[in-house]
Amino acid sequence: MMKNAVEVRDLVVRRGGREVLKGIGFTIAEGSVMGLLGPSGCGKSTLMRSLVGVQQLASGSVEVFGEEAGSKALRHRIGYVTQEVSVYDDLSVTENLKFFAQVLGVDGARIEEAIAAVDLVSHKDAVVGHLSGGQRSRASLAVALLGDPDLLVLDEPTVGLDPVLRRDLWKLFHEIAERGAAVFVSSHVMDEADRCDRLLLMREGVIIADDTPERIREKTRTDDIESAFLALVEGTGDQAGEMA
Amino acid sequence: MNPRITFAVATRVLTQIRRDHRTAAMLLVLPCLLITLLWWMFKDTGGGVVFDRLGPGLLALFPFTIMFLVTSVTTLRERSSGTLERLLAMPMGKLDFLLGYAIAFGVVAAVQSALAVLLAVGVLDLDVQGPVWLLTVVAIADAVLGSALGLFVSAFATTEFQAVQFMPAFVIPQILLCGLFVARDQLPTVLEKVSDVLPLSYATDAMQTLTRTTSTGDVWQNVGVVAAFALAALALGAATLRRRTP
């Protein structure tokens, strides 16, 4: 049986007096691509921040590779892309990667590989601030790939990207998973659901489904995840409970 | 703490400054222009005496004020762009981050003050009894202090507007009480006591001592106090920098 890379139990997070995550639990298996789908504002980013260990938790636990999320030993093993393009606008793509490679203590050769993986070779000496939105988010993704992470946490990495590139990136995520890493990708675009091995559907801080895309469609008797999402939201609480 | 990471942060910050030509030019040229303005103001009155009295103080003020502003705004930018969050999820010590910034701005201050000191002493005839190079050392200590305080207060600012407002709150009182306008021992007792715990007072004392005497013992003592304040601010900065945020 596959080992779990991530185990979340009864996680509650409050931000500004509001309960953003309302006691959720799930696991992510090593070597799989787990999708996190839900409308914007449903708590996706907060959940991702919790996994990386930069979010204050109200209660519950988040374990990554058997250790508390955010603990020192994990910082070398996690690649994280925040929703904002978290690279330096006034540096070139290569300069950005060089800096983060030094911080991670990884070999310079990884820089070229990471740039190639996100298809930015032709722009590697361009200053990030001059690039398009999609190119900037790819530069940000390249940073997360640098350290050969065992867990890749990606907050909406494919927003606004060309379909061809989006397909290539999903292929890359699966290649990374095949090498044994766990990949956790969020999106608010429901049509990306079928690219994941397994899905978490989230709404208003609660997980309303946790299963493979096929089984979610089967159980809700729908043809696509968008309809399944609607069926789950409009259906009875029983159905959602059964799914989770 | 890890020297490799500290060095990476410092070189990265310097590369960013070098990229931004306008900022780089302003950092280096502005202090020279201002010191020239001061010299010009008193050119026809007092025969250089006033310039000799105020000049050194100004040399202490520039690096402190400018680095305070620059650092608090850049760190805030680092917070809002998500790069700080990303770095804190990486194997980066909080002190690596803070020291990296302090070193980078210390280097900028060294160049900045070297130019200002050269101009003041070489061209504008600022009368300095002590060693001229020591003026630059004091200026660097001031700059590191400014950076350290900027890093510390940026933790309390959530917008760039707020960050800029910290300058009148934290810097201007220090400028008023540092002994440049009224000698500190002539201030009302309460204000004199207050000025005793403000770091800029020691920076100004160091500069003024340098112009008056050739003995350097007092100067080093003042530089030590400034450095201690800077270290304390860095430690406080590290304490207020949280990996986990609400």
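Let's start in chain B of this predicted model, where helix 6 (residues 132-154) packs against helix 11 (residues 217-240) at an angle of about 20°, with the two axes 8 Å apart. That angle makes helix 6 of chain B roughly parallel to helix 11 of chain B, because angles under 35 degrees count as roughly parallel. The crossing of these two helices is left-handed.

Which residues bring the two helices of chain B together? On the helix 6 side, the residues in contact include B:Trp133, B:Leu134, B:Val137, B:Ala141, B:Leu145, B:Ala148 and B:Phe152. Helix 11 answers with residues including B:Val219, B:Trp220, B:Val223, B:Phe229, B:Ala233, B:Leu236 and B:Gly237. B:Asp142 in helix 6 and B:Thr240 in helix 11 are also among the residues that meet here.

Now turn to the aromatic rings. A search of the whole structure finds twelve aromatic pairs over all chains. One of them joins B:Phe166 and B:Phe170, whose ring centres are 5.7 Å apart and whose planes make an angle of 75°. The pair is edge-to-face, because planes over 60 degrees apart count that way. Both residues belong to helix 7 (residues 160-170) of chain B, and because they are four residues apart there, about one helical turn separates them.

Over in chain A, A:Tyr88, A:Phe99 and A:Phe100 form one aromatic cluster. Within chain A, the charged end of A:Arg77 sits over the ring of A:Phe65, at 4.1 Å from the centre.

For a last stop, look at B:Thr6, in helix 1 (residues 3-19) of chain B. Its relative accessible area is 6%, so B:Thr6 is buried. What does B:Thr6 touch, leaving aside residues up to four places away in sequence? Its contacts are B:Met1, B:Asp96, B:Leu99, B:Gly100 and B:Ile103. B:Val73, by comparison, is 67 residues from B:Thr6 in sequence, and their C-alpha atoms are 20 Å apart in space.

Definitions and conventions: Residues numbered from 1 in each chain as written. Chains lettered and ligands numbered in written order. Predicted model: local features only at pLDDT ≥ 70, side-chain atom pairs only at ≥ 80, totals over all residues. Heavy atoms only, no water. Phe/Tyr/Trp six-rings, centres within 6.5 Å; stacked < 30°, edge-to-face > 60°. Lys NZ or Arg CZ within 6 Å of the ring centre and 35° of its normal. Axes fitted to C-alpha atoms, helices over the stretch in contact; angles between N-to-C directions. Parallel < 35°, antiparallel > 145°, perpendicular 65-115°, else oblique. Left-handed = near helix turned anticlockwise from the far one by under 90°. Contact = heavy atoms within 4.5 Å. Buried < 20%, exposed > 50% of the residue type's maximum accessible area, 1.4 Å probe, protein only.
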